[in-house]
Amino acid sequence: MTDKSDKGLPGKGTRVVEIIELPNKLRAKVGGAAGKPGQIDPAAIDRASRHVARMAEAHQAQTRIDLTTLQAAFEQAKRDAEHRVQHLRKVYKISDGIMTLGRTFGYNLLSDFANSMNHFLVDLENPTDALLTVVGLHIDAMHVVVRDDIKGDGGELGQALTKSLALARAKLIHKR
């Protein structure tokens with residue numbers, strides 16, 4: 001909006017507004033013109049769908065690798081009490097990556113479990129054995145989701161896993 005003068009209105013200037021119409025580049029890319037929509041090339045949609053499917057397969061493979069690495073870091077945390085916090089930070093970092101991409105590919109439950117576990121790992125001053133137990137249960141639940149290829153909320157099995165993890169978290173909180 002451009003204010004060109006301050007004359008004409010009592011106490012205010014006359015304002016001149018210039019409206020700039022920009023071309024709709026997206027509409028033009030899909031073959032549309034002013035006032036009529038375009039259409040995305042069905043072959044382009046097919047190529048994009050195949051690409052997303054390949055990415056989903058790659059995500060599954062990468063998640064399996066990440067869970068193996070996460071499990072190893074967790075085992076280190078259990079064995080190496082002196083450096084436990086550093087190992088659990090690694091668990092947190094790997095879990096954060098799993099959480100971020102889980103929802104993208106439909107693994108909502110996996111993301112939920114990783115997020116829940118990470119809430120326990122945010123403030124680690126002196127991790128207890130009880131905390132390690134709860135973290136281990138979260139990791140086990142994530143393994144189940146990946147092993148059984150559970151998407152979405154997981155139905156009845158997902159609800160049961162979610163409920164059991166909530167109970168474990170509640171018990172840990174009461175012990176603090």
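1. Helices (H or I, at least four residues) and strands (E, at least two) are taken here as DSSP runs, numbered from the N terminus. The model is a predicted one, in which local features need pLDDT of at least 70 and side-chain atom pairs count only at pLDDT 80 or more, while totals for chains, interfaces and linings use all residues. Residues are numbered from 1 along each chain as its sequence is written, and side-chain values use heavy atoms, with hydrogens and water left out.

2. On these terms the chain has six helices and two strands, and along the sequence they follow the pattern β-β-α-α-α-α-α-α.

3. Which residues line the largest cavity? With lining residues defined as those having an atom within 4 Å of a point, they are His59, Gln60, Thr63, Tyr107, Leu110, Val145, Val146 and Asp149. Helix H2 (42-79) and helix H5 (129-147) each supply at least two residues of this lining, and H2 gives the most, with three. By class the lining has four nonpolar, three polar and one charged residues, where Ala, Val, Leu, Ile, Met, Phe, Trp, Tyr, Cys and Pro count as nonpolar, Asp, Glu, Lys and Arg as charged, and the others, Gly among them, as polar.

4. Helix H4 (residues 108-121) has 14 residues and reaches 20 Å from its first C-alpha to its last, close to the 20 Å expected at 1.5 Å a residue; the expected span is 1.5 Å times one less than the number of residues. Because 10 of its 14 residues are buried, H4 is largely enclosed by the rest of the structure, buried meaning under 20% relative accessible area, exposed over 50% and partly exposed in between (1.4 Å probe, protein chains only). Among the buried residues of H4 are Leu110, Phe113, Met117 and Asn118, and Leu110 also belongs to the cavity lining.

5. Asn118 lies 7.3 Å from Asp96, C-alpha to C-alpha, although the two are 22 residues apart in sequence. Asp96 is found in helix H3 (residues 84-102) and is partly exposed, with a relative accessible area of 30%.

6. For the chain as a whole, 29% of the 176 residues count as buried. Among contacts (heavy atoms within 4.5 Å) between residues at least 6 apart in sequence, 58% join residues at least 24 apart.

Key. 1 Å grid on protein atoms, 1.4 Å probe; cavity = no way out; pocket = protein on both sides within 12 Å on 5 of 7 lines; lining within 4 Å.
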